[in-house]
Amino acid sequence: MKSEPNKVTTIALIAFALIFFSVGCSNIDKNKFRELRKSARSIDKAVKDPLLPYGQFKEKFQKMTDEMTKTRALVSNEEEKVLLGSYEELFQTYQEGNLFWEHKIESSIYGWIPRGRVYVDDQLRPLVEKYQFPTEPHLVELTGHRFESISAESLKVIWEKAHEQLKKVKY
């Protein structure tokens with residue numbers, strides 16, 4: 001009878017060890033993702049500054065683009081593919097922010113687009129719909145051209161989404 005509790009204890013210890021090691025161990029080589037993570041964090045920190053020049057953002061975005069390419073080539077197992085997928089979603093959000101910012105700059109050049117507004121064209125329309133940005137209709141009286149715009153401040157919504165995505169990337 002004394003051997004029965006030892007058997008139960010041994011089985012319990014084995015089960016605990018299996019659970020502990022399967023949860024605690026990962027097949028992700030963190031070194032493969034180090035520079036990608038670093039570049040994503042650099043963008044996340046930079047876009048919090050409302051005075052960040054577009055040129056600096058573009059440099060950081062290009063760095064992340066390069067790191068995405070390098071990391072894709074290094075991924076070798078399913079866990080790493082899942083992690084890369086999370087970074088690809090984050091990268092897509094940064095691409096959306098980049099597109100928005102380019103339109104914001106271009107919109108500021110034209111006097112007929114109200115200050116602080118971004119012209120909504122066919123390229124920007126999918127982002128307007130995805131993020132449900134409220135639009136404002138306009139009419140250029142001289143030409144009769146009708147168009148819609150969104151607030152330039154809407155870019156913050158994209159940066160907030162990216163920040164939340166980055167917080168969820170775990171390994």
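**Entry 1. The nonpolar core**

I took a nonpolar core to be a set of buried Ala, Val, Leu, Ile, Met, Phe, Trp, Tyr and Cys residues joined through side-chain atoms within 4.5 Å. For burial I used relative accessible area with a 1.4 Å probe and protein chains only: buried is under 20%, exposed is over 50%, and partly exposed lies in between. The model is predicted, and local features need pLDDT of at least 70, side-chain atom pairs count only at pLDDT 80 or more, and totals for chains, interfaces and linings use all residues. Residues are numbered from 1 along each chain as its sequence is written, and side-chain values use heavy atoms, with hydrogens and water left out.

I looked up the largest nonpolar core and found 38 residues in it. F57, M64, Y87 and F100 touch the most other members. I then noted which elements give two or more residues to this core: α2 (30-46), α3 (54-74), α4 (78-109), α5 (125-131) and α6 (155-168). The largest share, nine residues, comes from α4. Helices here are DSSP runs of H or I with at least four residues, strands are runs of E with at least two, and both are numbered from the N terminus. As background, nonpolar side chains in soluble globular proteins tend to be buried together.

I next listed the contacts of Y87, a contact being heavy atoms within 4.5 Å. With neighbours within four places in sequence left aside, Y87 meets F33, L36, R37, A40, M64, M68, V169 and Y171.

**Entry 2. Aromatic pairs**

I counted 15 aromatic pairs in the structure. Rings of Phe, Tyr and Trp (its six-membered ring) pair if their centres lie within 6.5 Å; planes under 30 degrees apart are stacked, over 60 edge-to-face, and the rest tilted.

I examined Y54 and W101, which form an edge-to-face pair at 5.2 Å centre to centre with 65° between the planes. This pair links distant parts of the chain, with Y54 in helix α3 and W101 in helix α4, 47 residues apart. Y54 is buried at 19% relative accessible area, and W101 is buried at 10%.

I also examined Y131 and F133, which are stacked at 5.4 Å centre to centre with 10° between the planes. Both Y131 and F133 are buried.

Which residues form one aromatic cluster? I recorded Y54, F57, F61, F91, Y94, W101 and W159.

**Entry 3. Salt bridges**

I searched the whole structure and found 12 salt bridges. The criterion is a side-chain nitrogen of Lys or Arg within 4 Å of a carboxyl oxygen of Asp or Glu.

I noted E80 with K32, the closest N and O atoms being 2.9 Å apart. E80 lies in helix α4 and K32 in helix α2, so this bridge ties together parts 48 residues apart in sequence. Are these two residues buried or exposed? E80 counts as buried at 1% relative accessibility, and K32 is buried at 18%.

I noted E88 with R72, whose side chains meet at 2.9 Å, N to O. E88 lies in helix α4 and R72 in helix α3, so this bridge ties together parts 16 residues apart in sequence. E88 is partly exposed at 32%, and R72 is partly exposed at 39%.

I noted R117 with E136, the closest N and O atoms being 3.9 Å apart. This pair links distant parts of the chain: R117 is in strand β1 (residues 117-119) and E136 in strand β2 (residues 136-140), 19 residues apart. R117 counts as buried at 16%, whereas E136 is partly exposed at 36%.

I also recorded a network of salt bridges that links K63, E67 and K70.

**Entry 4. A surface patch**

I looked for nonpolar surface and found a patch of about 340 Å² made by I109, Y110 and W112. Patches are made of residues with over 30% relative accessible area and no salt bridge; like charges are joined within 9 Å, and nonpolar side chains (Val, Leu, Ile, Met, Phe, Trp, Tyr) within 5 Å. Accessible areas come from the Shrake-Rupley method with a 1.4 Å probe, and for residues only the protein chains shown count as cover. I109 is in helix α4 and is exposed, with a relative accessible area of 60%.

**Entry 5. A loop residue**

I located Q123 in the loop between β1 and α5. Leaving aside neighbours within four places in sequence, Q123 is in contact with L99 and H103. Q123 and H103 are 20 residues apart in sequence and 9.2 Å apart in space, C-alpha to C-alpha.
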